[in-house]
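Here's a structure to walk through together. Have the viewer open and follow along as we go.

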Amino acid sequence: MPDDFPTYVDVDYEDGTDEDPEDYPQIQDKIEKAIEVTRQGLEQYENPAVMWTGGKDSTLVLYFVKEVADRYDLEVPPAIFIDHYQHFEAIHDFVDHWADEWDLEVIYARNEDIGRYVEENDLEPGDDIPVDELSEHNQHHVENILEYEEDTFPFLLDTYAGNHLLKTVALNDALEEYDIDGILSGVRWDEQEARADETFFSPRHDPDIYPPHDRVQPILQFDEAAVWEAFWNFVVPDTVEAFPDEGYVPQSADDLPNDLEPGDTPVSPKYWEGFRSLGSEISTEKTEDDPAWLQDLEGTTERAGRAQDKEDLMERLRDLGYM
């Protein structure tokens, strides 16, 4: 990390203050803002990266990154995929496939200390891990950052200690290892209350909590429906050669034009199955049988299929560096 970060970055940290999706009423308004923020993210930071979960939001950000890089002759930065050991296998396959299709460099961020202990002891999700079996680095996070007082914690992603160790520590270690100064992420205002006050450029500069960096958030202004509108009218037509240029919204996995199959599209297979939000394999359920974009997006909660114990801790987790 250059010694003069963040002084060499010229961004408006107040951009987006007191705004919400209604301030960007049309899909073109949302896209224009996304392009503007993405371009600044690629131009202002010396070592940017893209947060990629394989989900719709981060894949949409990755689409904007690729399009902006191509339009303005900029480099496509690496993507960071947090492997928390509890993903759906289909998510791994999806990320590997589209990383190859799009010629992406992917940094797989893992808490390998915990991964080794889990493998050596043949643990299953929910099994307890003794804190004193962790590395000094992880023990510091448990005892001093989380102020966690138990002797063990469950190997489970959707808990306070588990989420921080498996995701946030893994991410922060990757940011430090690769000197990342700006990370483009798919956070949206409407997705959670804890994210409603985010700005397009969000500073994370406290070295006692995380490696100093900025969060660049190009799709804050999108709601769930707008994300899917962008996918079927822009992302998929621009990515899949046989897909109609004017866009098309499939009504099922069997309703794709020109003999295409779901795997031909950069849309996670879990969305075709009825999942609306992708978390861990252990604690995420599909909400309906219909594909995600055909469900009642306005009348039901997007993250209804996610474990709510972790959702209730979101504010504290974000203070510690969670996305």
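Does Lys56 count as buried or exposed, and at what relative accessibility? At 3% relative accessibility, Lys56 counts as buried, where buried means under 20% relative accessible area, exposed means over 50%, and partly exposed covers what lies in between (1.4 Å probe, protein chains only). Before going further, some ground rules: this is a predicted model, in which local features need pLDDT of at least 70 and side-chain atom pairs count only at pLDDT 80 or more, while totals for chains, interfaces and linings use all residues. Residues are numbered from 1 along each chain as its sequence is written, and side-chain values use heavy atoms, with hydrogens and water left out.

So what does Lys56 do with its side chain? It meets the side chain of Glu302 in a salt bridge, 2.7 Å from N to O; the term stands for a side-chain nitrogen of Lys or Arg within 4 Å of a carboxyl oxygen of Asp or Glu. Lys56 lies in helix H2 and Glu302 in the loop between H8 and helix H9 (308-311), so this pair ties together parts that are 246 residues apart in sequence. Helices (H or I, at least four residues) and strands (E, at least two) are DSSP runs here, numbered from the N terminus. Glu302 is buried too, with a relative accessible area of 8%.

Glu302 has another partner: its side chain also meets that of Arg188 in a salt bridge, again given as 2.7 Å, N to O. That pair links distant parts of the chain, with Glu302 in the loop between H8 and H9 and Arg188 in the loop between S6 and strand S7 (201-204), 114 residues apart. Both Glu302 and Arg188 are buried. Step back and you'll find Lys56, Asp57, Arg188, Asp190 and Glu302 linked in a network of salt bridges.

For another salt bridge, look at the side chains of Asp83 and Arg110, which meet at 2.8 Å, N to O. Asp83 sits in the loop between strand S2 (79-82) and H3, and Arg110 in the loop between strand S3 (106-109) and helix H4 (112-120), so the pair ties together parts 27 residues apart in sequence. Asp83 is buried, with a relative accessible area of 7%, whereas Arg110 counts as partly exposed at 33%. The count of salt bridges comes to 13.

Now back to H2 itself, residues 56-71. Its 16 residues reach 22 Å from first C-alpha to last, close to the 22 Å expected at 1.5 Å a residue (the expected span is 1.5 Å times one less than the number of residues). The buried ones include Lys56, Asp57, Leu60 and Phe64. They pack against several elements, among them helix H1 (27-44), helix H3 (89-101) and helix H7 (224-239). After H2 comes Asp73, whose phi is positive, near 55°.

S7 and strand S8 (residues 213-216) pair in the antiparallel sense over 4 bridges, and Pro203 stands opposite Asp214 in S8. Contact means heavy atoms within 4.5 Å, and axes are lines fitted to C-alpha atoms (for helices over the stretch in contact), with angles running from 0 to 180 degrees between N-to-C directions.

Note on methods. Two strands pair if DSSP finds at least two bridges between them.
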